[in-house]
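Please read the points below with the model open beside you.

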Number of protein chains: 2
Amino acid sequence: MEPQNLKELFEPQTIAVIGASRSPGKVGHELVANLINGGFAGRIVPVNPSATEVLGLPCVADLAKAKIKVDLALVAVPTARVADAIRGAARAGAKAAVVVTAGFKEVGEAGAVLEQEVLKVCQEYGVGLMGPNCIGLINTHHRMNATFASSLPRPGSISVISQSGALCVAILDWAAARGIGFAKVVSFGNKADLDETDFLQALADDDATKVIAGYLESITDGDAFLREAERAADKKPVVILKVGTTKAGAKAASSHTGSLAGADMAYGAAFRRTGVIRAEGFEALFDYSLAFATQPLPTGRRVAVITNAGGPGIMAADAIESMDMVMAPLSEATRAKLAEGLPATAATGNPVDVIGDADPERYFHAFEILQDDPEVDALMILATPQNMTQPLALAEGLAARHHGKKPLVTAFLGGRDMQDAIARLTDLGIPNYDSPSRAVRTLRAMAEYAAWRERPVRVVTRFPVNRRRVERVLTWHRRMGIGQVGEVEAKEILRAYDFRVLPGSLATTADQAVETAARIGYPVVLKISSPEIIHKSDFGGVRVNLSTPEQVRDAFDLMMLRVRRRAPEARIRGAFVEQMGPRGREVILGMTRDPQFGPMLMFGLGGIFVEVMKDVTFHLAPITSQEALQMLKSTRSYALLEGARGQAPVDLDAVAEALQRISQLATDYKEIQELDINPFIVGGLGSPAYVADARMSIRLHGEGDTP
Amino acid sequence: MEPQNLKELFEPQTIAVIGASRSPGKVGHELVANLINGGFAGRIVPVNPSATEVLGLPCVADLAKAKIKVDLALVAVPTARVADAIRGAARAGAKAAVVVTAGFKEVGEAGAVLEQEVLKVCQEYGVGLMGPNCIGLINTHHRMNATFASSLPRPGSISVISQSGALCVAILDWAAARGIGFAKVVSFGNKADLDETDFLQALADDDATKVIAGYLESITDGDAFLREAERAADKKPVVILKVGTTKAGAKAASSHTGSLAGADMAYGAAFRRTGVIRAEGFEALFDYSLAFATQPLPTGRRVAVITNAGGPGIMAADAIESMDMVMAPLSEATRAKLAEGLPATAATGNPVDVIGDADPERYFHAFEILQDDPEVDALMILATPQNMTQPLALAEGLAARHHGKKPLVTAFLGGRDMQDAIARLTDLGIPNYDSPSRAVRTLRAMAEYAAWRERPVRVVTRFPVNRRRVERVLTWHRRMGIGQVGEVEAKEILRAYDFRVLPGSLATTADQAVETAARIGYPVVLKISSPEIIHKSDFGGVRVNLSTPEQVRDAFDLMMLRVRRRAPEARIRGAFVEQMGPRGREVILGMTRDPQFGPMLMFGLGGIFVEVMKDVTFHLAPITSQEALQMLKSTRSYALLEGARGQAPVDLDAVAEALQRISQLATDYKEIQELDINPFIVGGLGSPAYVADARMSIRLHGEGDTP
């Protein structure tokens, strides 16, 4: 969307409500009522040919005829008349339209056709379209409640974008009960035109928005999302709850990169890359957003806890340790200072226990020391409602003393005696949580975002490669209509990207196999070559350590016999005769092309680690060398690569470089859908790593192929 | 505690408040005030020698002199006077005392001495003691608020036991804001006398208590807890939040059973065994308790979801799948019935989406069909506050229609427009949750408890063994003062429990090693024997596959040379010469004696699976054969045992039997502190499994040893 349309969407001077109604309860009535009740300062023009006024405002039948210049059209007419309504508004100058009417794509084919018509009209007139099938939008700083569902929330600095209108309603209702404010609330419905990416872009540049909280069920354009999400996250925290990801994740069960990489992995990789903070559930979305909106980012993971009860303190410590945060160690000097203002029975370690009979002053004493302690990155105050607690005074005093250089979160535990204090904490911009562990989880989200912001500049290495060799192989496959690239040709492609491959060639007869073996030198390996056979050893298609011509001849004949028996349908091209390589650690390197986010790289240790233990990591291409090393470190089995259990450490850089080269290959050739190097053999430092087996699949036809 | 004391603790007719005070704010005043305000129907006797009346009740100076028969004493006098106060009450007939006074064990040595004195008095007079350092207790059905902290909650069926008084206060305050009722609330403080086990026992037998919710920081007597927790869980759900378990868990880093088994593992194993439902955090404690208190148990894991918005429905499906619950598949017939009462745009799959404009009737239509569907085990209703939702009518209608044969939980999402309905749901006994995932987690806890209740009768096999052989070895170690039982003797013990061990014996010279090899037959293995060397191969102390006398001689001499060089301090007893066994799958079987819960068995696949992947499971002894098989199945790597990756399946029963034999050994000999069989080699069905290496540690002195 063009910036000027955004201006008219978010800050219109004149809003036409097309389909305005006199009947309370009708959407067309609620829209007008909400605009009025919210205190909208611009002009509201109800459009209804059969009414003279709605809620005291004069109606018009036709905007153009009435010569009224409109900025934004709110459309609530029946589905079939939406296109016409927008046309009329566009002629009256509208640059943006919000269509709340439902019955479009979400109900089936006929609705989808109507939706396309609406979109066409918008494009023709240069109108930005939000919806259809949405609840509208809110801009509290413009006093605009252009929705049919709720009263205007108080102004705040969190903006919400949601693919679900119903959830927006629930969120507004939830916030109303808690006194939580918003900047803008956007329900973008079917996103026929404006989608999550447009709003990420708009809200990234919106000064009133300090945090973007999003609810998403799908992403329209993965590339655009990656670009805009990262740009937005660089400016302000973007917290997203993405739902509907388990089915695919559960299928992560076989040995192929493709099936290991479910949609959830791709979203995970995309969010990590772009700095988007992922909310694990509905509660986390606002747990995180509230803290980001009100508190500074921590510079580390060390949390200091102050409590007036042992139990919650232990809960906090448990949560901190189990969520990879750190209980800030307090120095002797700090502990001595703490002791000065606390009774002898108080605990000056972390958690600092000011004891059940603590008044607010005791908390303040500890708080002021700890917020100035350079060994503390974040503060967490726990309170139970004891006789001396005075929760309200505690809340106010903490806010007054907080110098705002480190995040402060609270868990005031209780109900009746705590509710005023909790409401006051919200007013004062201190996020309070129902349990210590939710507070800790929020601090972790903050620490992770802060770390992402400090990430090094991403420098993707480009290696010199031989693209002509790759193109030759791909062209041949396309011409022959063969989408599966077998070992021989996959290795040819990898060699062009400077992967080390052992000498070898295809033999179609036993004699040829023996000749090849003599040429490349014994011992050799024999591997079946057939486009239908991917798991070669399952079919008796791999024989290793063949040391004499007789062994090669016998192995060849036996292999042909057995494979033909076990896979009678397979087209057998012969056997690949290859030098027997040195031993080393087997790893699996892979790439699968996610329909949304493009090439996704995979890494795991070979064999049981991937297939049984599901110990794999994913990363979107292109990848930097640091990110590639990080991929290795993220596996549970990383210790083995480093040399656990008395094994020699492997050449980690060789693996990281291989991932970078796959990244480059996948970026260069969009037709490569999937690539498995399984195994890639890596030895110690200096001993060259090599591709022991590989396969690829390519798309034969389609847009975007490298010409 | 004797049952009669319990009666006097929970249902006293006359309560003496010793240390009753006229000054509001003082504990001794609040106790009297709370008893009066709670509507206690019995007699309240303030004891205070320097006052004539407290809150209108006449004071006495000395109970015995006043000839007042007392049942329960509430003690709030200063620490040093508590023992005397109890003595006085006991002479007046008190059978139970609640000491709220603090300053005992929790403040250090001097306090601990005072606490012992108080306990002695109680024991002398047969008085059951609760506390000290607690907030007191509540019995709503007796209209007794014998605490200093809160007003009497409404009567309910959940009873709370808590080691933290402050948390009790927070819970009471939290419940007061939500209208949640309790049966009994027990804050047992320092548990000098009555502890969690006593109250589990008492509440198990208390008809007013339908659910026991507990907060624990420690357990006093593991054996008693196991016994009483299981007895209680057999009668009613026991939900426990156990805190303070991470430090130990984080140490799960080395190869030894002992360090892999942190305290958290032991609690996990104890709770699983006894059917205690573990609350992962503060919120889960009441999320679960509320559902158990109001809803029937499900007979399976299939959940049907009804929603008026797509988003929350997807969240529920995500949660159900990721928490190992099942989205109930709806038959065509059910879907057709659903469709009859729903608009065409509604979704009749699961989740059933009744669409944003649904009125309560539409929900009821779907609800009545699904609660009668035999394919559905549990029902979950999601609602967002749309125009037609009428949350209050929905809540009431659901309660009226619920036939109570399957659990019903809700997640009414929102705030202002939802709060009345949510409060009504609580009144009507339908647990409502802030998010779909919390509702799902609760249903999972219910399903797991229901499955535990259906567990088969536990039959622990007792194998015929040769105890005299074991005792001979243990006696020798005790006499010699050697706590570490090395490979040779550990195998001797295991052989006595009918484990298969390969032929072999200790050789102190190279000649002797060669003689032994000749006797047992080549090839052989040589292993260093030294009480100081546990990880033999790290010191060059293992040589395998020795096939000739020369190899044995060379290996022996080299091993002595190298081990002496690498471990100069070690006392070397020689080398163990053993037959080279057949290959097989390496697994690790272990036992460590938890200070609380006694012998805990460990199982994991050998090598990297335990050391790098931390893929181990634990179970308390004694173990049944089903439980042993379940231990194997609980590892991530179980697929390998079953024969994944083309490997032959191993003899699972042989491993399970070995675990049962270890269980018997650990139960028979309490002095065995730790046992590692690493590796235990298991082959295919019929090929005998054997102990390849083993070690033990025993306690040399101490109570409870087998004579």
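1. The buried residues of helix α14 of chain B pack against β15 (302-307), α13 (332-340), β17 (352-353), β18 (378-383) and α15 (391-401) of chain B. Among those buried are B:Pro360, B:Tyr363, B:Phe367 and B:Leu370. A residue is buried if 20 or more other C-beta atoms, placed from the backbone, lie within 10 Å of its own. Two residues are in contact if such C-beta atoms lie within 7 Å.

2. Helices (H or I, at least four residues) and strands (E, at least two) are DSSP runs, numbered from the N terminus.

3. This is a predicted model, in which local features need pLDDT of at least 70 and side-chain atom pairs count only at pLDDT 80 or more, while totals for chains, interfaces and linings use all residues. Residues are numbered from 1 along each chain as its sequence is written, and chains are lettered from A and ligands numbered from 1 in the order in which they are written.

4. The largest nonpolar core has 434 residues, and A:Val75, A:Ile86, B:Val75 and B:Ile86 have the most contacts inside it. A nonpolar core is a set of buried Ala, Val, Leu, Ile, Met, Phe, Trp, Tyr and Cys residues joined through C-beta atoms within 7 Å. A second, separate core of 20 residues includes A:Val524 and A:Phe576.

5. In chain A, four strands form an open antiparallel sheet in the order β21-β24-β22-β23. Strands pair if DSSP finds at least two bridges between them. The edge strands, β21 (504-507) and β23 (542-546), each pair on one side only. Strand β22(A), residues 524-529, pairs with β23(A) over three bridges; one bridge joins A:Lys527 to A:Val542. Helix α21(A), residues 549-566, packs on the sheet, touching β22, β23 and β24 of chain A, and its direction makes about 20° with that of β22(A). Axes are lines fitted to C-alpha atoms, for helices over the stretch in contact, and angles run from 0 to 180 degrees between N-to-C directions.

6. How many residues does each chain give to the contact? Chain A gives 60 and chain B gives 60. On the side of chain B that touches chain A, α5(B) gives the most, with 10 residues.

Methods: Buried ≥ 20, exposed ≤ 12 C-beta atoms within 10 Å, placed from the backbone.
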